[in-house]
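Subject: A structure for you to look at

Hello,

I am passing on a structure that you have not worked with before. Please open it first, and then read my notes below alongside it.

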Amino acid sequence: MSHPAHKSNAELGLAVHKHLVSKGLETPMTDLVTSQTAEKKIKKIAPHFEKIMEILGLDLTDDSLEDTPNRVAKMYVNEIFWGLDYSKFPKCTTIENKMDYAHSFVLERNINVQSNCEHHFVVIDGLATVAYIPKKKVLGLSKLNRIVEFFAKRPQVQERLTEQICEAIAFITETDDVAVYIDASHYCVKSRGIQDTGSSTVTLSTRGLFSAADSEVRREFLNIARIGSNR
Ligand SMILES: [Zn+2]
């Protein structure tokens, strides 16, 4: 799915980007992510993909193949890698917290993770469970899904994806206590390499109370996350 343009906050995006850079958690990227329009990127990518198809020996005069370079270029820029563009970062309106959450958390589970691995540019498909203990700010629940979606829509490694989501939520909600659990299948493992179709990769990123090995919230979170991802 492409991004909902009217619900983004470029200013917040830039702040999140700077924060991730300061933590050493940003995706390796250059200024070109922001200095070119989407249209320009599509125009520049298409002929390169055409070249790849040509070298593979595909006949680009065939009407089934002739539009593929342009389709792939559009898909890269507008549909699967738009999360490189921080001007499309989701609007995350927070409300003032009037409750004392103490040690109880807000949790969202079974969040779809549709990403692509940065080593092979093939699909990573999984589910995320996200929780945080609100301090001064509470975030709308759907915003947790939006933050996951944003960081999934770029070439990724699952470990960094998990860390980026966790750090962004901590930053936006100004809380120390966040946990992110992702269970995902990597198609570069399923369809190539060792061709293991049944395995999945689990990554966990925690902050604050969720990090303490003996903490009750960590145990509760992991119990819920494991049930949630039991597909
Ligand atoms: Zn891969």
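**The second largest pocket**

At least two lining residues of the second largest pocket come from each of β2 (106-117) and α5 (141-152). Helices (H or I, at least four residues) and strands (E, at least two) are DSSP runs, numbered from the N terminus. Before going further, please note that this is a predicted model, in which local features need pLDDT of at least 70 and side-chain atom pairs count only at pLDDT 80 or more, while totals for chains, interfaces and linings use all residues. Residues are numbered from 1 along each chain as its sequence is written, and side-chain values use heavy atoms, with hydrogens and water left out.

The volume of this second pocket is about 180 Å³. Its lining has 11 residues, and Asn112, Gln114, Asn145, Glu149 and Lys153 lie nearest its centre. Helix α5 gives the most to that lining, with 5 residues. By type, the lining has 5 nonpolar, 3 polar and 3 charged residues. Here Ala, Val, Leu, Ile, Met, Phe, Trp, Tyr, Cys and Pro count as nonpolar, Asp, Glu, Lys and Arg as charged, and the others, Gly among them, as polar.

A pocket is found on a 1 Å grid over the protein atoms alone: it is an open set of points where a 1.4 Å probe fits, with protein on both sides within 12 Å along at least five of seven lines, and lining residues have an atom within 4 Å of a point. Grid points are joined across faces, edges and corners, and a volume is the space filled by probe spheres set on the points.

**The largest pocket**

The largest pocket has a volume of about 760 Å³. Of its 30 lining residues, Leu32, Val33, Thr34, Lys41 and Leu84 lie nearest the centre. Helices α1 (10-22), α2 (32-35), α3 (38-56) and α4 (68-80) each supply at least two residues of the lining, and the largest share, 5 residues, comes from α3. The lining divides into 16 nonpolar, 8 polar and 6 charged residues.

**The zinc ion**

Which protein atoms are the donors of the zinc ion? They are Cys117 (SG), His120 (ND1) and Cys188 (SG), at 2.1 to 2.2 Å from the ion. Donors are N, O and S atoms within 2.8 Å of the metal (3.2 Å for Na, K and Ca); water is not among the atoms, so sites may look incomplete. The spacing of the donor residues in sequence is C-x2-H-x67-C. Histidine 120 lies in the loop between β2 and β3 (123-132) and cysteine 188 in helix α7 (residues 187-190), so this pair ties together parts that are 68 residues apart in sequence.

Cysteine 188 is buried, at 8% relative accessible area, whereas histidine 120 is partly exposed, at 35%. Buried means under 20% relative accessible area, exposed over 50%, and partly exposed in between (1.4 Å probe, protein chains only).

**Serine 115**

Serine 115 is part of strand β2 and is buried, at 2% relative accessibility. A polar atom of its side chain lies 2.6 Å from the backbone oxygen of alanine 152, and the side chain also reaches the backbone oxygen of arginine 154 at 3.4 Å. Such a polar contact is a pair of N or O atoms within 3.5 Å; within protein, one must be able to donate a hydrogen and the other to accept it, and residues adjacent in sequence count only if both atoms are side-chain atoms.

Best wishes
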